[in-house]
Amino acid sequence: VEKLRHAVDELSAGKGGVRLIMGAAGAGKSRLRDELRVQAQGRHLRIWRGAGRTAGGSLGQLFQDFFAATAQEISGRPERREWLGKEGPILAHYFPALREHADPVGYIPIEGAAEEARLMVAIYEFFDRLLRTEKILLLADDLHQADPLSIKLLAHLAISFTGISAAAPEAKPLLIITGVREAEAIGPVNDFLKSLTTKAES
């Protein structure tokens with residue numbers, strides 16, 4: 001618990017990171033994240049929360065939740081529309097909550113890996129732009145239930161901005177705290193955990 005609180009303190013000072021909360025169902029992971037959220041409030045941090053879902057979720061569900069919070073903030077302060085930049089149309093194409101603030105009509109998807117790469121770039125540019133002036137805490141609940149795209153995008157942010165990669169060693173003010181049921185850390189979730197370990201050791 002103290003390590004997680006320290007991570008929030010470090011984010012307030014401008015340094016991010018990745019913290020995993022692992023445990024069995026009913027071990028108190030959600031309660032702990034709620035406590036951290038209360039601790040983070042009042043510290044001029046942007047706190048966006050998303051959750052994996054085994055049923056009823058959309059593609060990229062974690063980021064659907066994150067960008068729904070973004071859309072609410074833009075609605076309250078229209079000048080924040082500039083957060084979306086030129087990537088607005090592609091982000092609005094994938095994350096409908098943003099369509100009030102960016103028009104996806106002119107965006108034409110392409111096939112295969114190139115399209116995924118274009119989305120990765122758009123996500124990177126959005127957070128890179130925002131992290132120049134903002135400190136962000138992403139709370140990702142139930143990562144073991146998240147869809148593969150959500151996990152891949154979250155790993156992309158972690159590797160790009162939290163200082164765990166030798167290719168991007170500077171930790172920007174992005175803290176990712178995610179909860180995982182240890183017994184269900186298989187498939188894409190296991191790949192996520194391995195990617196963090198691999199990049200940290202590279």
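Because the model is predicted, local features need pLDDT of at least 70 and side-chain atom pairs count only at pLDDT 80 or more, while totals for chains, interfaces and linings use all residues. Residues are numbered from 1 along each chain as its sequence is written, and side-chain values use heavy atoms, with hydrogens and water left out.

The protein has 7 helices and 4 strands. Helices (H or I, at least four residues) and strands (E, at least two) are DSSP runs, numbered from the N terminus. Starting at the N terminus, the order of elements is α-β-α-β-α-α-α-β-α-β-α. Of the 202 residues in the protein, 50% are buried; buried means under 20% relative accessible area, exposed over 50%, and partly exposed in between, with a 1.4 Å probe and protein chains only. A contact means heavy atoms within 4.5 Å. Among contacts with a separation of 6 or more, 71% join residues 24 or more positions apart.

Helix H3 covers residues 61-76. Its 16 residues should span 22 Å at 1.5 Å a residue, and the end C-alpha atoms are 23 Å apart, which agrees. The expected span is 1.5 Å times one less than the number of residues in the helix. Because 12 of its 16 residues are buried, H3 is largely enclosed by the rest of the structure. Those buried in H3 include Phe 63, Phe 66, Phe 67 and Ile 74, along with Gln 61, Gln 64 and Glu 73. The cover over the buried residues of H3 includes S2, H4, H5, S3 and H6.

Helix H5 (residues 113-130) has 18 residues and reaches 26 Å from its first C-alpha to its last, close to the 26 Å expected at 1.5 Å a residue. Its buried residues are Glu 115, Leu 119, Met 120, Ala 122, Ile 123, Phe 126, Phe 127, Asp 128 and Leu 130. Strand S2 (46-51), helix H3, helix H4 (88-94), strand S3 (136-141) and helix H6 (148-161) are included in what covers them.

How do these helices pack? The axes of H3 and H5 come within 14 Å and cross at roughly 40°. Axes are lines fitted to C-alpha atoms, for helices over the stretch in contact, and angles run from 0 to 180 degrees between N-to-C directions. The angle makes H3 oblique to H5, since angles under 35 degrees count as roughly parallel, over 145 as roughly antiparallel, 65 to 115 as roughly perpendicular and the rest as oblique. H3 passes H5 in a left-handed crossing; a crossing is left-handed if the near helix is turned anticlockwise from the far one by less than a right angle, and right-handed if clockwise. Phe 63, Phe 67 and Thr 70 of H3 touch Ile 123, Phe 126 and Phe 127 of H5. By class, this contact has 5 nonpolar, 1 polar and no charged residues. Ala, Val, Leu, Ile, Met, Phe, Trp, Tyr, Cys and Pro count as nonpolar, Asp, Glu, Lys and Arg as charged, and the others, Gly among them, as polar.

H5 also packs on H6, at an angle of about 50° with the axes 10 Å apart. That angle makes H5 oblique to H6, and their crossing is right-handed. Among the residues in this contact are Leu 119, Met 120 and Tyr 124 of H5 and Leu 149, Lys 152 and His 156 of H6. The contact of H5 with H6 has 9 nonpolar, 2 polar and 3 charged residues.

H3 and H6 pack at an angle of about 65°, with their axes 7 Å apart. Here Gln 61, Leu 62, Phe 63 and Phe 66 in H3 meet Ser 150, Leu 153, Leu 154 and Leu 157 in H6. These residues divide into 6 nonpolar, 2 polar and no charged.

Asp 65 lies in helix H3 and is buried, with a relative accessible area of 16%. Leaving aside neighbours within four places in sequence, Asp 65 contacts Arg 49, Gly 50, Ala 51 and Arg 53.

Asp 142 lies in the loop between S3 and H6. Its phi is near 50°, a positive value in a residue other than glycine. With a relative accessible area of 24%, Asp 142 is partly exposed.

Pro 173 lies in the loop between H6 and strand S4 (174-181) and counts as buried at 13% relative accessibility. Pro 173 and Leu 11 are 162 residues apart in sequence, yet 5.7 Å apart in space, C-alpha to C-alpha. Beyond neighbours within four places in sequence, the contacts of Pro 173 include Leu 11, Gly 14, Leu 131 and Ile 136.
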